[in-house]
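Welcome! Please take a look at the sequence and the model shown here, and then read on for a short tour.

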Amino acid sequence: MKDCIFCKIANGEIPSATLYEDEKFRVILDLGPATRGHALILPKAHYENLYELPDELAGEAMVLGKKVITEMKKILNCDGYNVVQNNGEAAGQTVFHFHMHLIPRMDGDKAGISWTPGTLTPEDKEEILSKFSLK
Ligand code: 5GP
Ligand code: ZN
């Protein structure tokens, strides 16, 4: 897609620190990393978010993510990993070309990928369970 920075990066029009590339994906180091080794998986084709991503690519992105973090873990010797994927501005998405964040974690790091737990109320539970129907 014209004017999409991740289309340009994924397809090599803009140079990037590329960890891996195949015909469908490019894996790059994030320019504003949450932690050392923070990587992004970008499909080469433009899909705005996970809702639009075809099932097959969604599956392949996750399998690729598993391979990348397995290799990166050996190099960094990190203690944990966050796999994060934001959809929509409200969820923190800033680049509207699907991408998956792979964020290495060290014990005691200050990456702050967390939330304050709320409470599952009986009302919410009842309403959501009664409305939710996966076909
Ligand atoms: P989002 O907030 O959309 O989930 O994540 C966008 C990510 O893309 C951010 O972590 C940001 O640092 C990264 N980013 C934005 N522009 C560029 C760029 O030009 N190159 C690279 N490597 N990362 C970028
Ligand atoms: Zn794009």
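## A short tour of the model

Strand 2 is largely enclosed by the rest of the structure, because four of its five residues are buried (buried means under 20% relative accessible area, exposed over 50%, and partly exposed in between, with a 1.4 Å probe and protein chains only). Helices (H or I, at least four residues) and strands (E, at least two) are DSSP runs, numbered from the N terminus. This is a predicted model, in which local features need pLDDT of at least 70 and side-chain atom pairs count only at pLDDT 80 or more, while totals for chains, interfaces and linings use all residues. Residues are numbered from 1 along each chain as its sequence is written, chains are lettered from A and ligands numbered from 1 in the order in which they are written, and side-chain values use heavy atoms, leaving out hydrogens and water.

Strand 2 covers residues 25-29 and includes Leu-29, which is partly exposed at 33% relative accessible area. Two strands pair if DSSP finds at least two bridges between them. Strand 1 (residues 18-21) pairs with strand 2 in the antiparallel sense over three bridges, and the two form a hairpin with three residues between them. Here Thr-18 stands opposite Ile-28. Strand 2 also pairs with strand 3 (residues 39-43), again antiparallel, over five bridges; Val-27 has Ile-41 as its bridge partner there.

Now for the charged side chains. There are eight salt bridges in the structure, each a side-chain nitrogen of Lys or Arg within 4 Å of a carboxyl oxygen of Asp or Glu. Three of them are listed here:

| Salt bridge | Closest N and O atoms |
|---|---|
| Glu-21 and Arg-26 | 3.3 Å |
| Lys-44 and Glu-21 | 2.7 Å |
| Lys-131 and Glu-127 | 2.6 Å |

Glu-21, Arg-26 and Lys-44 are linked in a network. Within it, Arg-26 is buried at 9% relative accessible area, Lys-44 is buried at 15%, and Glu-21 is partly exposed at 43%.

Which residues hold the zinc ion (ligand 2)? Cys-4 (SG), Cys-7 (SG), His-46 (ND1) and His-97 (ND1) coordinate the ion at 2.0 to 2.3 Å. Donors are N, O and S atoms within 2.8 Å of the metal (3.2 Å for Na, K and Ca); water is not among the atoms, so sites may look incomplete. Among these residues, Cys-4 is buried at 6% relative accessible area, and His-97 is buried at 0%.
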